[in-house]
Amino acid sequence: MPPTAYHAPETIEQAVNLLSGDASARPLAGGTDLVVQIRSGRAAPGAIVDLKRIAKLREIRREGEGFAIGAAVPCTALKDNAALAAAWPGVVEAANLIGSVQVRNRATMAGNLCNASPAADSVPALVAAGATCIVVGPSGEREVSVEQIPAGPGATSLKSGEFVAEIRLPGPAKGGSDAYLRSIPRTEMDIAVVGAGASIALDGNGTCTAARISIGAAAPTVLLVEDAGKALVGTKLDDAAIDKMMEAVRAACNPIDDKRGTAEYRTAMAGILAKRVVQIACERAGGNS
Amino acid sequence: MSKIHVTTTVNGDEREFLCTPGQTLLDVLRGELGMTGSKEGCGSGDCGACTVVLDGEMVCSCLVLAGEAQGRSVSTIEGVAEGSQLHPIQQKFLEHAALQCGFCTPGFIVAAKSLLDRNPDPTETEVRYWLAGNLCRCTGYDKIIKAVMDAAAELRQERTAA
Amino acid sequence: MNAPESKDTFKVVGTRPIRPDGVEKVTGKAIFGPDYKASNMLFGAIVRSPHPHARVRGIDTKKAEAVAGVHACVTGADFPTLEDTIIRMGESAGSTTDMSQNVMAQGTVFYDGHAVAAVAATSQEAADEAAALIEVDYEVLPHVIDINDAFKQDAPVIHKDQRQTGLGEGEKAGPNVSTKFVMANGEMAKALEGAAATVSEHYSLLPVHQGYIEPHACVATWKADGKIDIWCSSQGAFNIRMLTASFLHLEIGRIRVMPLEIGGGFGGKNSVYIEPVAALLSKKSGRPVRLAMSRSDVFRATGPAPGAEIDVTLGADADGKLVAADVTFKYSAGAFRGTDAMTGVMHAISQYLVPAFSVTGWEVICNMPKHAAYRAPGAPQVNFAVESAMNELADELGLDPLDIRIKNAVAPGMPSMMGTPFGEIGLVECLEAAKVHPHYSAPLGPNQARGVACGTWMNFGGPSTASVSIAEDGSVLVAEGNPDIGGSRASMAMMAAETFGISYDEINVTIADTSSIGFSMMTGGSRTTFATGKAVVEAAQAVIEILCERAAKMLEVDVGDVEWMDGEAVSKSAGKRLTLKEIAVKSGATGGPISFEKGVNPLDHLPGYGVHICDTEVDPETGHVTVTRYTAVQDVGRAIHPAYVEGQLQGGAVQGIGWALNEAYIYNKDGTLDNAGFLDYRMPVASDMPMIDTVMIEKPNPAHPYGVKGVGEVSIVPPLAAVGAAVGNAIGKPMRDLPISPDRVYSAMNGKG
């Protein structure tokens, strides 16, 4: 059945009321997943609650050293924010790999996250960056780490009436930067066969002081591979450390064979992409791997 | 089901329509508003044939709910030419034979215009990536890319002359 | 009329004017299939099978009929029972009962997406809602998709009593084999024994879709007088008329098909899918009915081109001259018989002169949509195998891949596979042009390599009609019965202008409906510029004759004294000339309207040949392939409008590159299509491609007034093997299975391929 109501609230409170008062209601951010799902019958919300008229959700603001990105901010707008693009180039790039320019002018990171696809491009980058999100709902507001939102393909940990209002990125670590890469058969317009994100910090000697490595489309949800990060911390990102990191990434993979790639290929590529994103993040952080 | 009343601006004209909550902007443009220049090739944002500009940004109108257009400004292929005066991109598409069947052409032209409106001097690679969301099955893209590059050059010249 | 010797004598042919329909198409005004609306029109929706193979035990439409706004439901029971006859449609042919069942299941569904019922309502929403309420009781049957599985003796039976053609006396084939087609010559075993080098390998390809961006759509109205009007986009309005008449058991004259602009076809819009259903919904409701496919419907229920399993053995002497070619392939057909196996056999080795050859093509029915023609139908698959083997043979002999092809290329006067001598074909010229092209000797970067391949398509002629009329002010009007898919209005106008000796802008071309012009075979087989062009030229010539007669009357001279020169009638004896306009304005007094309709049926078309050079770069860690440079060389006869001919070369090359690298039909274990959308059916996007350089070799066809050879299809044939060779050369392992997706390249690089 097609939806029977479309609401465009102007405040978060109104949105929460609309969503918590109707179990069949779904929040609409960019719509690039939800509208397709409605048209194909994969989703059948009774009501649609459009978040894009809520001014606060269309903003990118500084939040201390970090950034708060509203749930209705389209991916292309991230690029236009110079401070954000300088602080988290990997996150901004990841969000700007989704679909086409047309799609990225609508799609949002919050939507990408809550669509809960293990292949969502922006999510590994957000996880590597240590991003959190502000979840609002009938029982108020809570902050959770991004990796806690997806519960499995197409499923989230959000409770009835809740939605992600904001994504928060910390300030970049001193000597730190990030990167994201994905493997797709074409150059654009594909869903990641596998993706990898890295956030790295180096001290003045080029020793890695912090590392978060994440992988997408290699398991039912995006994974933060803690062992991969551990393999790098304290090293100068020498070949042995990189090999150990890649091994940890491959060990964490639990992919499927599907129309987009084989499990074997995904696992192999997860390691290779992780190596490449570490190299890029390291270069960006001022080191030379 | 009660319909939503929407007032919006299409190619500079104020338009009103009624739509259902599930109808897309493309449905309304092609149906209620009778503007069939925007095409539906996929209905899922994968082909770009329905590309329109919404408040200055190009989008797939098949991914925009019609209700979202309230108070917005929509530009479609029907608004690219000024009267009978073709836009240089349209003229270059003709001169370069950058269309064969012509079905994807409106989407390409709207997308190309959106590019040249913000980047008057794109590289071939930039044009190719900007237009990656527009599928063409006839031309192999070669002549489309050349037409857009040539239109960019002409527009630059016009700007210098102006 | 024979081809003039030099193109320099032409004023219009060979120039690049703007196409007549161009402005409508760049401004969004052109009306394509999905754009047409009729007054008081209903909207239809089709119910499609979720199963690949099932018996339909019953269909209950009661709930659907109760939905507000619903005016009609149609099921397979509404289709008349037909006597099975074979209808030829140029490149393809089919049985009426097969094709009628393909339009709507009549007792059994044979593939995921097979139409089982339809409904028409006052809005699309109501129609969709009602369609979802139609209850179909399915008894699921075992299905088979894979060609090798379907070929087996113990495969699930798709059609009881499958009609099988071409089997030898007493030969038994599996229940899903529909065709065996063989061409052979010489003594294979002996020839192979004497070969200095042989290559014997297996190749495979998956089915691919034509991928036109415009989904099928139509409006039909069954009028009170029992006549039917249909508005649709197709590759042949006459084909839609004939097939609709056949399936509904009507006289052809009751149906009139109005051609709308067509958004790509590539062979896939020769078939009829929705028009008879819309007509029946209209008959029941008494109102015009629109039916339109979604993209998912297009993938699930139309196209694709056959997948293939191919064995090739080539033998050559020490100089690289082929002595033997043994090719056996299986092509999938989908749920009903097709004809690609036959064209596959005909194009397997037809680019080479081989003393001993044996080519066997099998066609296998499987639970997929009935396959449809796709640009050079049947040729690219077997060409991929043979050309890949040819590259492997060149490697084995240490020969340059173009040199080995030049040694074996067919040339005018040589016997074809059928034994008849070739006419003015241009393969050798193409190979030689490729050899000296700067691309062929350009240096390659790291991880880059080059591949080449050549290919052919027979092209076609056949029946076409054109009319030329002169309006009372001298305007020239040309009407043709072939849709304009890629600029053919322009080429018709150019040939007419050239014939009249007037300017291109003075010609007005219309695509006429099926009641307004004589029969014209569909646009396919690369036949339109050749055959319909011939009709236009001959109609123009006939009109010129009339114009000369009228001028003779006006000048009071003998008609033999009047000559047509540069758009004017010239009387040498009277020393006078009359322009076309001057004759036209007086036509009322000299004999009335001036017009001529010409039907032609030329069969003196010539095959086309192409040679493609492809450079690829392979990421050594990931197996990702980038096409870095591409050149397509083709004998085009003569390019009437060179820009649109280049476009045919470029478009076909990119479709072929897509086929080689990423496109494939992917079915899951339940037999349903897993990638029925442009997201996962990965056609090339702009950022995937380099520019496609073209070299047009012009070796005119003497049988056409302007030397035309068909150009549309050849260009999809060579890319598969050219890309395969480029990737194979880059990684040092031959790539024998398409698509060459990154994971397959990775496996090959890591010794698992």
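**Close-up views of contacts in a predicted model**

The area buried between domain 1 and domain 2 of chain B is about 1,100 Å², 64% of it from carbon and sulfur atoms; buried area is the accessible area (1.4 Å probe) that two parts lose on being put together, summed over both. This is a predicted model, in which local features need pLDDT of at least 70 and side-chain atom pairs count only at pLDDT 80 or more, while totals for chains, interfaces and linings use all residues. Residues are numbered from 1 along each chain as its sequence is written, chains are lettered from A and ligands numbered from 1 in the order in which they are written, and side-chain values use heavy atoms, with hydrogens and water left out.

**View 1. Domain 1 of chain B against domain 2 of chain B.** The domain assignment of chain B, automatic or from a database, gives domain 1 (4–79) and domain 2 (88–161). Their centres, taken over C-alpha atoms, are separated by 22 Å. In contact (heavy atoms within 4.5 Å) are 16 residues of domain 1 and 13 residues of domain 2. Lys39(B), Met58(B) and Ile77(B) supply 44% of the area that domain 1 buries against domain 2, more than any other three residues. The rule finds 1 salt bridge across this interface, a salt bridge being a side-chain nitrogen of Lys or Arg within 4 Å of a carboxyl oxygen of Asp or Glu. Arg118(B) forms a salt bridge with Glu57(B), with the closest N and O atoms 3.5 Å apart.

**View 2. Chain C against chain B.** Here 54 residues of chain C are in contact with 46 residues of chain B. The two chains bury about 3,900 Å² between them, 60% of it on carbon and sulfur atoms. On the side of chain C, Val26(C), Ile213(C) and Met691(C) lose the most area to chain B, together 19% of what that side buries. The count between the chains is 4 salt bridges. The side chains of Arg137(B) and Glu663(C) meet in a salt bridge at 2.7 Å, N to O.

**View 3. Domain 2 of chain A against domain 3 of chain A.** The assignment for chain A gives domain 1 (5–50), domain 2 (55–169) and domain 3 (176–284). The centres of domain 2 and domain 3, taken over C-alpha atoms, are 20 Å apart, and the contact takes 25 residues from domain 2 and 23 residues from domain 3. About 1,900 Å² is buried between these two domains, of which carbon and sulfur atoms give 58%. In domain 2, Pro118(A), Pro124(A) and Ala128(A) lose the most area to domain 3, together 26% of what that side buries. The count between domain 2 and domain 3 is 4 salt bridges. Glu188(A) forms a salt bridge with Arg104(A), the closest N and O atoms being 3.6 Å apart.

**View 4. An open sheet of 3 strands in chain C.** The strand order is E6-E2-E8, with antiparallel pairing; strands (E, at least two residues) are DSSP runs, numbered from the N terminus, and two strands pair if DSSP finds at least two bridges between them. Strand E6 (108–109) and strand E8 (135–140) are the edge strands, each pairing on one side only. Strand E2 (residues 54–60) of chain C is joined to E8(C) by 6 bridges, and the two run antiparallel. Asp60(C) stands opposite Glu135(C) in E8(C).

Technical notes:
Helix = DSSP H or I, 4+ residues; strand = E, 2+ residues; numbered from the N terminus.
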